[in-house]
Amino acid sequence: MNVFWMLVGVLVLGLMVLVHEWGHFVVARLFGIRVQTFSIGFGPRLLGWKRGQTDYRLSAIPLGGYVSLAGENPLLERTGAPDEFLSRPRWQRAVVYLAGPTVNIVMAVLLLWILFSFSYQRAAYVDEPAQIHSVLPDSAAAQAGILPGDVIVQLGKKRNPIWEDVQVEIALGGEEPLTVRISRAGEEFELVVQPKLGEGQDMPVVGWMPYLPLVITEVEPGMPADAAGLKAGDEIAALEEESTTQLGASGFVEQIQSSQGAPLRLTVRRAGEEFEIEVSAQEREWRGRTAYFLGIQIGPRVTSVELNLLDALKTSVAENARMAGLLYELIRRLFAGRASLQAVQGPIGIVNLSGQAAQLGWGPLMHLMAIISVNLGILNLLPIPILDGGHIAMLGIEGIRRRDLSLRVKERFLQLGFMLLMLLFVVVMYNDVMRYFFR
């Protein structure tokens, strides 16, 4: 990934954190709380301006930002002025803390609402029963004895999973062994699969694959594919008896180029029927070199639905609720020791993923931005000291007791939260560095 797309990734992460801080800023101002600093980025101040009592600044490290409220830190000296944070009622302080995560969640819903209003596409296979189309050689699935045609009838506690369930279980489970119940030729039996991390891979994989044909989205008139009778909507299941599920789009193109115009045998599915077509790629000059073309555009098999504004909003809310549920399940498994921190992306990973998504277009980028935003919102609501949820929890305890916690107790809470977050940050950054720079 080049420097431009890395900068795009930095901007995406920074924007999502900035939205969070903007929520705190707006609500604090509404309650008349003095905002001392609104910073885009962290570290030394590069430039900015002062308006009223607030310093609006651009800081050196462009990964998010922060808001500094007057009298917010109970460990520092304060005057007791009515516009200081700790001078406001507990419920107002709780709302200020709640505003950041709330804006993140609203932002995530808004992003997907806009996206789904224009285009709602979903990979077709994710909603299909988990029937295994192919198994990669020497993979964990192959070593466990799983064969093409097997149907996963139970994975963990999930009975009759669809492929989306399978993907989620693998992503959350890390390198934990998977107990899989398989249906084969009318018989059911259990196998244990040990996911493993392959060379150059970020996450453990199993090696079983759903049916992932290449779909013809467009046929160019007068070209070999048109002459052979191929049509838009046809599924190319195999090329020279090699499954396109394993070949992928790049492998398919490489095979076309290596054929140098020799006849190729395609296995095609149309309206549920499978047949073979022989076609030869046509030689053309392309970008100063000789290349071979069938005259087709290809893409993955997707389900496209036109949604009105209300349905798009409902779908956005449901998708964000699903993502929040997955994050909760990951956190639960991390605390239970049933998931690995390798499943967690740090700042470097998020920047990298954001840059990759931006290269694919606005749709993938907006979807990733929504994921980052809802995750920031949910994570900040956790009752961990120093996070917004931790502050809200302390305010709740004080409200029940009808008096403030002592400064000593608050200091211990903040120190504990800081140490926990720093430990998590070090582990996640180490994983990021090893994943993206030393693999």
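Reply: Gladly, and bear in mind throughout that this is a predicted model.

Me: What makes some residues of H9 count as buried?

Reply: The label requires a relative accessible area under 20%, and the residues of H9 that carry it are Leu-365, Met-366, Leu-368, Met-369, Ala-370, Ile-372, Ser-373, Val-374, Gly-377 and Asn-380.

Me: Why is Asn-104 called buried, and with which residues is Asn-104 in contact beyond its neighbours within four places in sequence?

Reply: Asn-104, whose place is in helix H2 (residues 90–118), has a relative accessible area of 0%, and since the cut-off is under 20%, Asn-104 is therefore buried. Leaving aside neighbours within four places in sequence, Asn-104 is in contact with Met-16, Val-19, His-20, Ser-373, Val-374, Leu-376 and Gly-377, and among these Ser-373, Val-374 and Gly-377 are themselves listed as buried residues of H9.

Me: How do you know that Asp-150 and Arg-184 form a salt bridge?

Reply: Their closest N and O atoms are 2.7 Å apart, and the criterion asks for a side-chain nitrogen of Lys or Arg within 4 Å of a carboxyl oxygen of Asp or Glu, so the pair qualifies. Asp-150 lies in the loop between helix H3 (140–144) and strand E5 (151–155), whereas Arg-184 lies in strand E7 (residues 178–184), so the pair ties together parts that are 34 residues apart in sequence.

Me: Are the two partners, Asp-150 and Arg-184, buried or partly exposed?

Reply: Asp-150, at 2% relative accessibility, falls under the 20% limit and counts as buried, while Arg-184, at 27%, lies between 20% and 50% and counts as partly exposed.

Me: What makes Glu-190 and Arg-181 a salt bridge?

Reply: Their closest N and O atoms are 3.8 Å apart, which is within the 4 Å limit, so this pair also meets the criterion. Glu-190 has a relative accessible area of 52%, over the 50% cut-off, and is therefore exposed, whereas Arg-181, at 24%, counts as partly exposed.

Me: Which parts of the chain does the salt bridge between Glu-241 and Arg-265 link?

Reply: The closest N and O atoms of Glu-241 and Arg-265 are 3.1 Å apart. Glu-241 is in the loop between strand E11 (235–239) and strand E12 (242–243), and Arg-265 is in strand E13 (residues 263–270), 24 residues apart. With a relative accessible area of 64%, Glu-241 is exposed, while Arg-265, with 27%, is partly exposed.

Me: How many salt bridges does the structure hold, and which residues are joined into one network?

Reply: The structure holds 20 salt bridges, and those that share partners join Arg-122, Asp-127, Glu-164, Glu-319 and Arg-322 into one network.

Me: What makes strands E15 and E16 a pair?

Reply: Pairing requires at least two bridges, and strand E15 (residues 282–286) and strand E16 (residues 289–293) have five, in the antiparallel sense, with Gln-282 standing opposite Phe-293 in E16. Their hairpin has two residues between the strands, and Arg-287 takes a positive phi near 55° there.

Me: Why is Leu-230 called buried?

Reply: Leu-230, which lies in the loop between helix H5 (224–227) and E11, has 4% relative accessibility, under the 20% cut-off, and therefore counts as buried.

Notes. Residues numbered from 1 in each chain as written. Predicted model: local features only at pLDDT ≥ 70, side-chain atom pairs only at ≥ 80, totals over all residues. Heavy atoms only, no water. Helix = DSSP H or I, 4+ residues; strand = E, 2+ residues; numbered from the N terminus. Buried < 20%, exposed > 50% of the residue type's maximum accessible area, 1.4 Å probe, protein only. Contact = heavy atoms within 4.5 Å.
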